Amino acid sequence: MKALIFSLMPGLCLAGISSEVENLDTEGDSNESGFADLTFGRLFTGLQRFDLDFDSLHARDVSAWHSGAAYRQVREGWNIEVSLGYTDISIDYSDPVGGTNPIRREDGAWSGSLTFGKDFSEDISGTIGFSTYDGYNDYASVWISAYYDQFVGLPDPVNYREADPHGDAFSAGLVWDYDPGVARLSFSASYGNDEVVPAWSLVPNPNNFFIPEATPTRSSFDTYAGSITWAKALNPRLRTQVTFRFLDVTELDPRYQLQNDWTWAVTDQLTLRAQLGGAIQDPDFEALYGGLSLSYEFNENWSVGLSARIYDDTGEIVPEGFNTAAPAVTSKELGASIAWRNLNTTVRLSAGIYDVDYDALPADNQFFGNLYRDREFTLGRLAISHQF
């Protein structure tokens with residue numbers, strides 16, 4: 001796991017100077033300290049929160065680790081949130097067809113975001129944000145890149161280049177609390193551009209018969225997305241939320257998703273949450289998913305939780321020319337958590353099992369058989385939040 005290391009270096013002290021110079025230096029230090037206090041006092045004020053997250057996903061031949069930090073500040077009708085994260089991925093790559101060699105490969109991705117929010121009135125607020133990433137942020141991309149680096153890249157063809165996945169996105173949102181404390185309507189829209197790992201093929205080179213030419217599929221894609229969310233407290237113990245999402249990616253038909261969430265405070269200590277959703281996309285993509293979670297508060301400091309989730313779809317749709325589509329999949333997740341909190345700090349530790357079952361791959365896609373094979377992952381998460 002790569003990490004950032006920050007160090008502080010103390011200033012040097014010089015001996016043998018006169019008392020007059022010492023007095024001047026003392027005055028200078030005092031003024032500089034006062035200026036720094038004034039600057040930082042203005043910059044870091046209001047309600048502030050700092051979050052740290054550490055996540056792990058591990059199977060026998062795949063592992064992913066993510067570390068993230070976020071800072072949020074709210075003051076005078078404004079809020080700002082900045083985050084930074086790093087994902088580290090390791091795979092034991094292998095090809096069941098035998099056209100490439102098994103290797104151990106590690107890659108990763110940096111990610112960051114910046115979001116500004118503004119309260120326009122007591123019941124209307126808005127946000128605008130920017131996010132970016134650079135590198136491989138999922139293990140499937142690492143696996144596909146490892147395949148093409150060998151199968152197409154090793155013959156040293158003309159035009160071949162190693163993948164360089166990265167992306168940027170802009171988003172905006174509006175929240176209307178039309179019945180404050182009871183009902184809310186939210187709107188969001190975003191645009192993103194992603195450079196993905198392309199699929200490659202070898203074709204004859206008209207200029208040199210002995211050196212083939214590599215031809216990639218499209219690697220740059222634009223994504224337009226939007227959502228509408230309606231949330232309402234039906235009574236003091238029951239709350240519902242309905243979300244409709246729209247997703248439009250270059251060269252693909254739009255995807256539509258509908259999701260319903262419920263929160264029921266069974267007692268003052270026991271809370272039940274439920275989720276049910278689905279998505280469709282032409283020509284033949286369908287997905288259904290649902291989940292339940294139960295949390296219990298022993299006292300004002302300690303709570304525990306249990307969760308279960310299931311997901312099923314008919315198989316990934318990719319742009320024309322790609323041969324990396326995932327087949328139909330069913331996944332199940334079981335998890336448990338324990339949390340401690342006081343007035344300002346919350347620490348939550350979670351663990352679980354994530355089971356993934358794929359349908360058989362078509363005959364023309366067997367070289368990705370070890371990528372899309374059934375796996376059972378172990379999940380772990382440590383989240384720390386401090387408010388001041």
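A salt bridge here is a side-chain nitrogen of Lys or Arg within 4 Å of a carboxyl oxygen of Asp or Glu. What you see is a predicted model, in which local features need pLDDT of at least 70 and side-chain atom pairs count only at pLDDT 80 or more, while totals for chains, interfaces and linings use all residues. Residues are numbered from 1 along each chain as its sequence is written, and side-chain values use heavy atoms, with hydrogens and water left out.

Salt bridges, then. The search of the whole structure returns 15 of them.

Start with Asp55 and Arg381, whose closest N and O atoms are 2.6 Å apart. This pair links distant parts of the chain, as Asp55 sits in strand S1 (residues 47–58) and Arg381 in strand S18 (residues 375–387), 326 residues apart. Strands in this talk are DSSP runs of E of at least two residues, helices are runs of H or I of at least four residues, and both are numbered from the N terminus. For accessibility, buried means under 20% relative accessible area, exposed means over 50%, and partly exposed is in between, using a 1.4 Å probe and protein chains only. Asp55 is partly exposed, with a relative accessible area of 22%. Arg381 also counts as partly exposed, at 34%. Asp53 joins Asp55 and Arg381 in a network of salt bridges.

Next is Arg375 with Asp61, where the closest N and O atoms are 2.9 Å apart.

The last pair is Asp355 and Lys332, with 3.8 Å from N to O. Asp355 belongs to strand S17 and Lys332 to strand S16 (residues 329–341), the two being 23 residues apart. Lys332 is partly exposed, at 37% relative accessibility.

Now the interior. A nonpolar core is a set of buried Ala, Val, Leu, Ile, Met, Phe, Trp, Tyr and Cys residues joined through side-chain atoms within 4.5 Å. The largest such core has 40 residues, and Ile91, Tyr139, Tyr148, Phe368 and Tyr372 touch the most other members. At least two residues each come from strand S2 (62–75), strand S3 (78–93), helix H2 (139–151), S14 and strand S17 (345–358). Which element gives the most to this core? H2 does, with 7 residues.

On to the surface. Patches are made of residues with over 30% relative accessible area and no salt bridge, joining like charges within 9 Å and nonpolar side chains (Val, Leu, Ile, Met, Phe, Trp, Tyr) within 5 Å. Accessible areas come from the Shrake-Rupley method with a 1.4 Å probe, and for residues only the protein chains shown count as cover.

The nonpolar patch consists of Phe120, Ile124, Leu174, Trp176, Tyr178, Phe187, Ile228 and Trp230, with about 730 Å² of accessible area together. Strand S6 (166–179) and strand S10 (220–235) are the elements that give two or more residues to the patch. S6 gives the most, with 3 residues. Leu174 is found in S6 and is partly exposed, at 38% relative accessible area.

There is also a patch of negative charge, where Asp253, Asp282, Asp284 and Glu286 gather on the surface. Lys and Arg count as positive and Asp and Glu as negative, with His and the chain ends not counted. Each charge is placed at NZ of Lys, CZ of Arg, CG of Asp or CD of Glu. Asp284 lies in the loop between strand S13 (270–281) and strand S14 (285–297), and is exposed at 54% relative accessible area.

That loop brings me to the backbone. Asp282 and Pro283 are joined by a cis peptide bond, with omega about 10 degrees. Pro283 lies in the loop between S13 and S14.

Glu76 has phi near 50 degrees; Glu76 is in the loop between S2 and S3 and is exposed, at 77% relative accessibility. Glu251 has phi of about 70 degrees; Glu251 is in the loop between strand S11 (238–249) and strand S12 (255–265) and is partly exposed, at 47%.
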